[in-house]
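Please keep the sequence and the 3D view open while reading the points below.

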Amino acid sequence: MKKLTHTVSITSGKGGVGKTTLICNTAIELARQGQKVLILDGDLGMANVDLMFGRRANLTLEHVLRGQQDLKDIVCPMTENIDLIAGGHGIYGMNALSSFDRQRLMDQVSLLNNQYDYMLIDTAPGIDENVLYLNSAAREIIVAVTPDPASIKDSYALIKVLHQRYRETRFSVLANMVNDEKEAKKVFERLSDVANHFLCVSLDYRGYVPLDLNLRQSTRNQSLISVTSPYSASAASIRDFASTLKTSRGVNQVKGGLQFFWQQLSGVA
Ligand SMILES: Nc1ncnc2c1ncn2[C@@H]1O[C@H](COP(=O)(O)OP(=O)(O)OP(=O)(O)O)[C@@H](O)[C@H]1O
Ligand SMILES: [Mg+2]
């Protein structure tokens, strides 16, 4: 059967809110549920998804754009059912391709079609142009936010610029490092109140992950909480979050799978 890859970015206004941690552990949970996951590491400055899996991806999208590698050859296996594409500085060059190179890339993307259930896109924090267009190419944009007022404020700034410059109207919100669900809902309401008041956008609550010192420790040990302590509070919440990704809440129905994503990224769609 044909798979339409669900392309999901996890992004944030402020740095250090847990995007990469959430992506890697969510990938583990999805993979456990038998889903095939591709991660795109779109963080140019601090690309660290591979390290989280204890691997090193030496080839990046840059090698593909320079014509030195085919896309399928830079796909780097992380663990069972999880592959990685490291963006490197290739993300910068994506929107400046000649039509010949763009077609070449799209032909290579078509070889990856139907192979993945999910593509999870890790971005740098903030509102740099490359972050914005990675997000705008994804079918679902998940804004990771913490109870820190600076995180709520910067999330709003990110949503605003994605709305005003890229006409995005639908966003999902995942609250991280909260005490409990009550606090998560409060963070969500604070953000959605201000977004609904000043912008014409809709925000969907996608769940929460509690502040968990075990998780922090597992990062220090260069391990993933969903692998080392799958029954811890944070791993259980990440599992719930991964399960909700199957529902179409927060999904932009106009946007499609892998082909659409790469076309959009290279300025075609
Ligand atoms: N729920 C949580 N409980 C406790 N610590 C957490 C939680 N989520 C993330 N962390 C910790 O926060 C730190 C930052 O996480 P991470 O690197 O995933 O953030 P990021 O948003 O990707 O950062 P950057 O913006 O720099 O890319 C890590 O030390 C991680 O262990
Ligand atoms: Mg990160």
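A residue counts as buried when its relative accessible area is under 20%, as exposed when that value is over 50%, and as partly exposed in between. The model described here is predicted, and a search of the whole structure finds 12 salt bridges in it.

- R206 and E140 form a salt bridge in which the closest N and O atoms are 2.7 Å apart.

- The side chains of K36 and D83 meet in a salt bridge with an N to O distance of 3.6 Å.
- Here too the pair links distant parts of the chain, 47 residues apart, with K36 in the loop between α1 (19-32) and β2 (37-42) and D83 in strand β4 (residues 82-86).
- The two partners fall into separate accessibility classes, because K36 has a relative accessible area of 24% and is partly exposed, whereas D83, at 10%, is buried.
- A further salt bridge joins the side chains of D70 and K72, at 4.0 Å from N to O.
- D70 is partly exposed, with a relative accessible area of 33%, and K72 also counts as partly exposed, at 43% relative accessibility.

**Nonpolar cores**

- In soluble globular proteins, nonpolar side chains tend to be buried together.
- The largest nonpolar core of this model contains 32 residues, and those with the most contacts inside it are V37, I39, F53, I82 and L120.
- Helix α1 gives the most to this core, contributing seven residues.
- When neighbours within four places in sequence are left aside, I82 is in contact with A27, I28, A31, V37, I39, F53, C76 and P77.
- Another core lies apart from the largest one and has 27 residues, among them L61, L105, Y133 and L258.

**Where to look in the 3D view**

- Which residues have the most contacts inside the largest nonpolar core? They are V37, I39, F53, I82 and L120.

Technical notes: Residues are numbered from 1 along each chain as its sequence is written. Chains are lettered from A and ligands numbered from 1 in the order in which they are written. This is a predicted model: local features need pLDDT of at least 70, side-chain atom pairs count only at pLDDT 80 or more; totals for chains, interfaces and linings use all residues. Side-chain values use heavy atoms; hydrogens and water are left out. Helices (H or I, at least four residues) and strands (E, at least two) are DSSP runs, numbered from the N terminus. Buried means under 20% relative accessible area, exposed over 50%, partly exposed in between (1.4 Å probe, protein chains only). A nonpolar core is a set of buried Ala, Val, Leu, Ile, Met, Phe, Trp, Tyr and Cys residues joined through side-chain atoms within 4.5 Å. Contact means heavy atoms within 4.5 Å.
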